[in-house]
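Biologist: I am new to this structure and would like to go through it with you. May we start with a single contact and work outward?

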Amino acid sequence: MPQYATSQSAGMDLRANLDEPVTLKPLERRLIPTGLHISLPVGYEAQVRPRSGLALKKGITVLNSPGTIDADYRGEIGVVLINLSQEDFVVEDGERIAQMVIARHEQADFETVEVLDETVRGEGGYGHTGVK
């Protein structure tokens, strides 16, 4: 079962559920099973995120971060890990590999318009505000 490490943790630890260890070579990515299936209420999602310790110490992160688990998904939760280090990394059964945050969300209703309202930013995109 996933567990919160402390009483104020936002994310709960997800663990690998493996029959045998999995070796991730440098730049290799693999789907690591957790053995976990969940049922979320409508209006909620589960977000799968990297563990900061694995990222800093070992160069292991979650490739599609954050990964979203929708309320209607009933399959096993898998974590797409990638090894960004220059050394092999062995994932062991029961190892904490990611964290999962349960979050409320909204769904938007879209409508077609001819013109958007004006703002100071306008169409300014990536890096348009400079570096300060």
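Modeller: The side chains of S85 and N83 are joined by a polar contact of 2.6 Å. Please keep in mind that this is a predicted model.

Biologist: Where does S85 lie?

Modeller: S85 is in the loop between β8 (78–83) and β9 (89–91). The side chain of S85 also reaches the backbone oxygen of E87, at 2.9 Å.

Biologist: Which residues is S85 in contact with, leaving aside its neighbours within four places in sequence?

Modeller: With those neighbours left aside, S85 is in contact with P26, L27, K58 and G59.

Biologist: Let us take K58 from that list. Where does K58 lie?

Modeller: K58 lies in helix α1, which covers residues 52–58. K58 counts as partly exposed because its relative accessibility is 45%. Apart from neighbours within four places in sequence, K58 is in contact with G53, N83, S85 and F89.

Biologist: How far apart in space are K58 and A71?

Modeller: From C-alpha to C-alpha, K58 and A71 are 32 Å apart, and 13 residues separate them in sequence.

Biologist: And L27, is it buried or exposed?

Modeller: L27 counts as exposed, since its relative accessibility is 60%. L27 is in the loop between β3 (22–24) and β4 (29–33). Although L27 is not a glycine, it has a positive phi of about 65°.

Biologist: On backbone geometry, which residues does a cis peptide bond join?

Modeller: A cis peptide bond joins S65 and P66, with omega at about -5°. P66 is found in the loop between β6 (60–62) and β7.

Biologist: Let us change topic to the fold. How many helices and strands does the protein chain have?

Modeller: The protein chain has one helix and 10 strands. Along the sequence, the pattern is β-β-β-β-β-α-β-β-β-β-β. The radius of gyration is 19 Å, well over the 14 Å that the globule rule gives for 132 residues, so the protein chain is more spread out than a compact globule.

Biologist: What does the C-alpha trace span along its principal axes?

Modeller: The C-alpha trace spans about 55 × 40 × 30 Å along those axes. Of the 132 residues, 30% count as buried. The protein chain exposes about 9,800 Å², and carbon and sulfur atoms supply 49% of that area.

Biologist: What share of contacts between residues at least 6 apart in sequence join residues at least 24 apart?

Modeller: In the protein chain, that share is 69%.

Biologist: In what order do the strands of the open sheet come?

Modeller: Five strands form the open sheet, in the order β1-β2-β10-β5-β7, and the pairing is antiparallel. β1 (3–4) and β7 (67–69) stand at the edges with a single partner strand each, so one side of each has no neighbour in the sheet.

Biologist: How many bridges join β5 to β10, and how many pair β2 with β10?

Modeller: Strand β5 (residues 44–49) is joined to β10 by six bridges. Strand β2 (residues 12–15) pairs with strand β10 (residues 96–104) over four bridges. Both pairings run antiparallel.

Biologist: Which residues stand opposite M100 in β10?

Modeller: V48 stands opposite M100, and M12 also stands opposite M100. Elsewhere in β10, A98 has L14 opposite it.

Biologist: Turning to charges, how many salt bridges does the structure hold?

Modeller: The structure holds four salt bridges. In one of them R51 pairs with D13, the closest N and O atoms being 3.7 Å apart. R51 lies in the loop between β5 and α1 and D13 in strand β2, so this pair ties together parts that are 38 residues apart in sequence.

Biologist: Are R51 and D13 buried or exposed?

Modeller: R51 and D13 are both buried. For D13 the relative accessible area is 13%, and the cut-off for buried is under 20%.

Biologist: Which other residue forms a salt bridge with D13?

Modeller: R96 does, with its closest N and O atoms 3.2 Å apart. R96 lies in strand β10 and D13 in strand β2, so the pair ties together parts that are 83 residues apart in sequence. R96 counts as partly exposed, at 32% relative accessibility.

Biologist: Which residue does E28 meet in a salt bridge?

Modeller: The side chain of E28 meets that of R30, at 3.8 Å from N to O. E28 is partly exposed, with a relative accessible area of 24%, and R30 is partly exposed at 35%. As for shared partners, salt bridges join D13, R51 and R96 into one network.

Note on methods
Residues numbered from 1 in each chain as written. Predicted model: local features only at pLDDT ≥ 70, side-chain atom pairs only at ≥ 80, totals over all residues. Heavy atoms only, no water. Pairing = 2+ DSSP bridges. Helix = DSSP H or I, 4+ residues; strand = E, 2+ residues; numbered from the N terminus. Buried < 20%, exposed > 50% of the residue type's maximum accessible area, 1.4 Å probe, protein only. Contact = heavy atoms within 4.5 Å. Polar contact = N/O pair within 3.5 Å; in protein donor to acceptor, adjacent residues only side chain to side chain. Rg over C-alpha atoms; globule rule 2.2 N^0.38 Å. Areas by Shrake-Rupley, 256 points an atom, 1.4 Å probe, with all protein chains shown as cover.
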